[in-house]
Structures are given as structure tokens and as C-alpha cells.
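Q: Hey, I'm new to this one. Can we look at its cavities together?

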Amino acid sequence: MGTSKSYKATVQGQPQWGELSSSVTRSCDGGLISTDSLSRILGNFVNVVGGASISGRGGSKIAGRSGIKTAKKLGGFIGGFVDSGGDLSQILSQTGLTNLTGKSVEDVIDHLIEFCSGPASTIDDRAAKEASRKLLEEIAGNASTFEELQESLQNTVDQDTLEDLMVKYFGYYVLEHLSIMFYEHLVTKKGKSECSNLFRQIEAFIIDRLDEMNKTNPLNSIDWGSDDADRLIKNIQQDVLTVFENHEG
């Protein structure tokens, strides 16, 4: 997939793309990347997608809209699981998975990814879908049976952790956008080892910064189909992008 070309077409004429591309490429050398360089990469990314206040609320053509759509479905599933008292089969039936006979953990996760994200018809869709996969697989952990998957969810998600999970989702969403933008191109240009090293450090930086983020949008007992849920999810995405916004160039 010509991902870099697709992004260049979307942001054609914007000098921010060149700044982002240069900051990413310079850091892909197989070594330890400085905090300043990682901050610059993320700041340039937020600049390219239109800034935290625009992209965060779904106003960017590059990133943000699919993140909001998927996060609302993902939050609705997790919130519904909590409200059900941890009954995974009950909440899965509400997502359309009514027959669990012969279904593996992977089958359940794949169903949830499709339920939350739908078909990936755009680059933004693809980033949102991969971010939901990353979060759901992390929650599932090493579960190999339906019962273990339910237990992993019960041990990980509750009303108090829901906002944290949505923050992490949006962190993965940013990471996936950067990966789609640059990974394939950099593997060809710099090598797989150097590229993997770069993205490991970007991911660790994102998670570390978001762990320190002030959580100001509690998601306790909200109606996930309401305007309130839409507002809170947009608030969270905007807050996540704001964490990285102020370091550019």
C-alpha cells in the first residue's frame, strides 16, 4: 500500500509534512532516540493533522474522525460489559455474536474489531481499526479460552479504568497513523531492525506521556449513544493530542 504517497496527497502543499517526515527519518538510525526528538516527531504529527482542537474533534480530513467513531463503539462495548456485571456472552450477544460454539478467543476479538470499526475503507479507518485491535489484544492478554478472556476483561475493565483505556486507545491510534505514514517506506530505506527500534521507542514515549496525563473526562454510567458520550470522547482525543502538540519543528 502506498501509504506515504497517500498522505502526501492529502497534505499536499503543507510544509508540516516535510518537517514530520524529516524528524521521523532522522530518528530511524537504530540508536537511542532522545526525548526531544520523540517530542518533535509527535508535535509535528499533531501539526500535520491540523492541531489538537481541530483533529481532536473530528474536523481534520487526515485523522480524528475514525478515531472518534471507533472509540465510541469500543467504549460502549467495555461500558456494557461493566454494566452487565462482567457477563461477556451477554454483551457479545448485543454486538451480534449470539452463537459462541466453536469460537476461539481470536474469533471473538476479530468480531469485536469489526463491530467497533467496520471495514477499513480509508487510511484513517485502518489506523482506528488497528488501534482497537492493539487495545483488545492487550486486554485479552494470554487468554486462550472464552472463560479466560472473560476473566481478563473482569480484571482489567471497570468504571474507573474506562477513561484510562480510551486514552490508551487514542495513543495507539496516533501510533498507528505514524506507522501507516512511514513504516513501509522506512523499512525499505533504513531496514527492518532500525524501523522496529524507532517505533518501539515512539510507542513507549506515547504510553509514558499519556500515563502522566490528567484525566478529566470520567465515563461512568454514560449513555454511549448520546451527545454526551460524543462530547466526552472528543474531549479525550483532543486532550491526548494536546499532550504532544507544543513541540514542533
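Q: Which residues line the largest cavity?
A: The lining consists of F77, V108, I109, L112, L136, I139, L149 and L153. A cavity is a set of points on a 1 Å grid over the protein atoms alone where a 1.4 Å probe fits but cannot get out, and lining residues have an atom within 4 Å of a point. This is a predicted model: local features need pLDDT of at least 70, side-chain atom pairs count only at pLDDT 80 or more, and totals for chains, interfaces and linings use all residues. Residues are numbered from 1 along each chain as its sequence is written, and side-chain values use heavy atoms, without hydrogens and water.

Q: Which helix gives the largest share of that lining?
A: Helix 7, with three residues. Helix 8 (123–140) and helix 9 (146–156) also supply at least two each. Helices here are DSSP runs (H or I, at least four residues), numbered from the N terminus.

Q: And what volume does that cavity have?
A: About 40 Å³, counted as the space filled by probe spheres set on the points.

Q: What lines the second largest cavity?
A: F45, S55, A63, Y173, V174, Q237 and L241. Helix 10 (162–190) and helix 12 (227–245) are the elements giving two or more of those residues.

Q: Switching topic, what's the average pLDDT of the chain?
A: It's 90, and 93% of the residues score at least 70; pLDDT is the predictor's confidence in each residue, from 0 to 100.

Q: Which element has the lowest mean?
A: Helix 1 (residues 3–10), at 52, while helix 7 (residues 105–117) has the highest, 96.

Notes: 1 Å grid on protein atoms, 1.4 Å probe; cavity = no way out; pocket = protein on both sides within 12 Å on 5 of 7 lines; lining within 4 Å.
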